[in-house]
Amino acid sequence: MKIPENPNRLLSRQLKKTFPDGELTNEGMNKFIELVNEVYYSHDEDRLIYQRAEQISNRELEKTNEELQIKNDFLDTFNHGMAHDVKNHTSNIIGLVNMLKKYSEKQNIDMIKQINQQLEMSANQLTSIVQGFLYLSRSESKIDNQFTIIKKDELIEFINLEIQFLTKGKNVTINYNFNLNDLFFSRHILKIIFVNLISNSIKYSKPNKECIINVSLTHDFNNLELKVEDNGIGIDMKHAQKKLYNLFNQPESSENKGFGVGLFLIKKITDRNNGTINFNSELNVGTQVAIKFPLEINK
Amino acid sequence: MKYNTIILVDDNPTTIFYHKDVVSEFEPNADIVSFDNPYKFIDEFKQTFSKSTEPILLLLDINMPEIRGFELIELLEENEEDMSKLDILIVTSSKLNSDLEKASRYPNIIGFIEKPIDIDKLNKALSGLN
């Protein structure tokens, strides 16, 4: 038997090694078949590895696609809701400015005062909507995943700084009850949640009555709980199921004083960190929101 | 068309504040009643407005967190209220074609008006030019 002409380059090198004289001997043939066998084995193995790699990358792709789809849908609704919210408040401001022109001509001081008050409120609402938007665009990035040891005084100072424009000239008392013992958590998440909940409590406080807000932050080894409790106007829970769902789940339903974006944002953050929200409210009595996060000590 | 009663339903008190002003200039002799809670309006409609013998104009916010404007009309229909005297102007923050289409299903809707409302827009909406 002769070696076939023009075999594969690697094969011919192997053939030359096994049959140095160019003669296909029986002894050489056995050795050669062993070698070929080995090649087939490793080829099989390679194929399995390749298949596994392919499966993994397909799964990853699917997962990424899914995540992108969710993000996209979210941005879509969010942008729609934001635009809607901003448009509404801008309309209010334009309407109020037109009124202001009319009553300035008439020099009706009493009306001018009232309009100014409404204008200030609308401008503040618009600001808090935009602030929520800024927070959210930031929280979509990685910032909220930076965990640090939480310092009580620093956190309170920051919260007060953020809400001062809402408390100015109002009868608001905020009681902080933070029990922290080497709490390792995201400062950013705590700030966003507290600022948004306290803002809502101030916005929905009873007119002509002292607004009292109890804010607490407690934790043990397993859980962390944030609580904000107020004595505001509250919500009638009987009629509120749908409203509540909308407030937490759809930014577009927030055709209302910038309430929606804040709660929507909180829901997003809570979901992402495996937390739970407990909302309780009574009309004319007040509202209590409690948010719980599991603490992953071993992580 | 002259209206002796004009009702405003909107969940935002500031919106009601300036709508009230525009509407009272538009129809100086009309009674203007406002609701920032749509369910209160539904109750009041049963009690009072359904018994009216004169035409009533309702400026209805299309998008409230508690209930959408269209759903509110459906609720009135479900309750079998007498809506024969009720003319509805839908108030929106932006006109969507899907809403315009939907409106054709409700005979009480006579038009749309976009915020911020003014006397010109009210005139146009009520003369069917909008």
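Over how many bridges do strand β4 (residues 86–92) of chain B and β5(B) pair? They pair over 5 bridges, in the parallel sense.

This is a predicted model, in which local features need pLDDT of at least 70 and side-chain atom pairs count only at pLDDT 80 or more, while totals for chains, interfaces and linings use all residues. Residues are numbered from 1 along each chain as its sequence is written, chains are lettered from A and ligands numbered from 1 in the order in which they are written, and side-chain values use heavy atoms, with hydrogens and water left out.

**Stop 1: the sheet of chain B**

Select Ile90(B), which stands opposite Phe112(B) in β5(B). Angles run from 0 to 180 degrees between N-to-C directions, and axes are lines fitted to C-alpha atoms, for helices over the stretch in contact. Helices (H or I, at least four residues) and strands (E, at least two) are DSSP runs, numbered from the N terminus.

Now show the open sheet of 5 strands in chain B, in the order β2-β1-β3-β4-β5 with parallel pairing. Two strands pair if DSSP finds at least two bridges between them. At the edges are β2 (31–35) and β5 (109–114) of chain B, each with a single partner strand, so one side of each has no neighbour in the sheet.

**Stop 2: the sheet of chain A**

Move to chain A, where 5 strands form an open sheet in the order β2-β4-β5-β7-β6, with mixed pairing. Its edge strands are β2 (172–178) and β6 (276–282) of chain A, each pairing on one side only. Neighbouring strands of this sheet are turned by 10° against each other on average, direction ignored.

Select strands β5 (residues 223–230) and β7 (residues 286–294) of chain A: they run antiparallel and are joined by 7 bridges. Val228(A) has Val289(A) as its bridge partner in β7(A).

**Stop 3: chain A as a whole**

Colour chain A by secondary structure to see 7 helices and 7 strands. Along the sequence they follow the pattern α-α-α-β-α-β-β-α-β-β-α-α-β-β. Of the 299 residues of chain A, 37% count as buried (under 20% relative accessible area; exposed is over 50%, partly exposed in between; 1.4 Å probe, protein chains only).
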